[in-house]
Amino acid sequence: MGSVYSAQNVAAYLIYELKEQTYFLNQTQLQQLLANVDSMWNKVFGHCAFTEATQTDSHYYVREVFESYNEQENRIIEEPAREWFLQYGCFQLEYRPYCVPVYSQIETILMEKILKNFTRKRLTCAS
């Protein structure tokens with residue numbers, strides 16, 4: 001049984017992983033990847049991957065992620081969006097990037113497969 005994650009955290013994971021592989025993505029590609037993650041989650045686990053509502057009839061898939069990266073327009077996303085965070089026992093808010101989820105072994109394999117398909121598709125389109 002796969003866990004349900006925030007789409008913001010999954011987006012942060014995707015951005016960091018692709019940046020490490022020297023692949024960069026824009027807002028549209030990020031939304032496509034989130035749709036791929038959700039469809040793979042539905043096939044394997046039988047439920048949605050995200051806590052947020054998803055939409056397929058407009059130009060975005062997860063509205064909250066779209067709004068976070070909307071200022072980027074169609075430029076390359078350098079790092080994940082930021083959120084305000086208040087640590088327990090502290091009085092100071094921190095403005096930090098969304099954290100990366102800790103996936104189970106099966107979820108990690110799925111995410112690697114999704115990223116591999118994405119990079120392969122980008123290479124075939126470029127050549």
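This is a predicted model: local features need pLDDT of at least 70, side-chain atom pairs count only at pLDDT 80 or more; totals for chains, interfaces and linings use all residues.
Beyond its neighbours within four places in sequence, Leu34 is in contact with Ala7, Val10, Ala11, Leu14, Phe50, Tyr61, Val62 and Val65.

Leu34 is among the residues with the most contacts inside the largest nonpolar core, together with Val10, Leu14, Leu30, Trp41, Phe50 and Met111. This core has 32 residues. Colour helices α1 (7–20), α2 (27–45), α3 (63–69) and α4 (105–126): each supplies at least two residues of the core. The largest share, eight residues, comes from α1. In soluble globular proteins, nonpolar side chains tend to be buried together.

Now turn to the aromatic rings. The whole structure holds five aromatic pairs. Select Tyr5 and Trp41: their ring centres are 6.3 Å apart and their planes are at 80 degrees, so this pair is edge-to-face. Tyr5 sits in the segment before α1 and Trp41 in helix α2, 36 residues apart.

Tyr103 is in the loop between β2 (93–97) and α4, so the pair ties together parts that are 98 residues apart in sequence. Tyr5 counts as buried because its relative accessibility is 12%, under the 20% limit. Tyr103 is buried too, with a relative accessible area of 12%.

Last, select Cys48. Cys48 counts as partly exposed at 25% relative accessibility, and Cys99 counts as partly exposed at 40%.

Definitions and conventions:
Residues are numbered from 1 along each chain as its sequence is written. Side-chain values use heavy atoms; hydrogens and water are left out. Buried means under 20% relative accessible area, exposed over 50%, partly exposed in between (1.4 Å probe, protein chains only). A nonpolar core is a set of buried Ala, Val, Leu, Ile, Met, Phe, Trp, Tyr and Cys residues joined through side-chain atoms within 4.5 Å. Helices (H or I, at least four residues) and strands (E, at least two) are DSSP runs, numbered from the N terminus. Contact means heavy atoms within 4.5 Å. Rings of Phe, Tyr and Trp (its six-membered ring) pair if their centres lie within 6.5 Å; planes under 30 degrees apart count as stacked, over 60 as edge-to-face and the rest as tilted.
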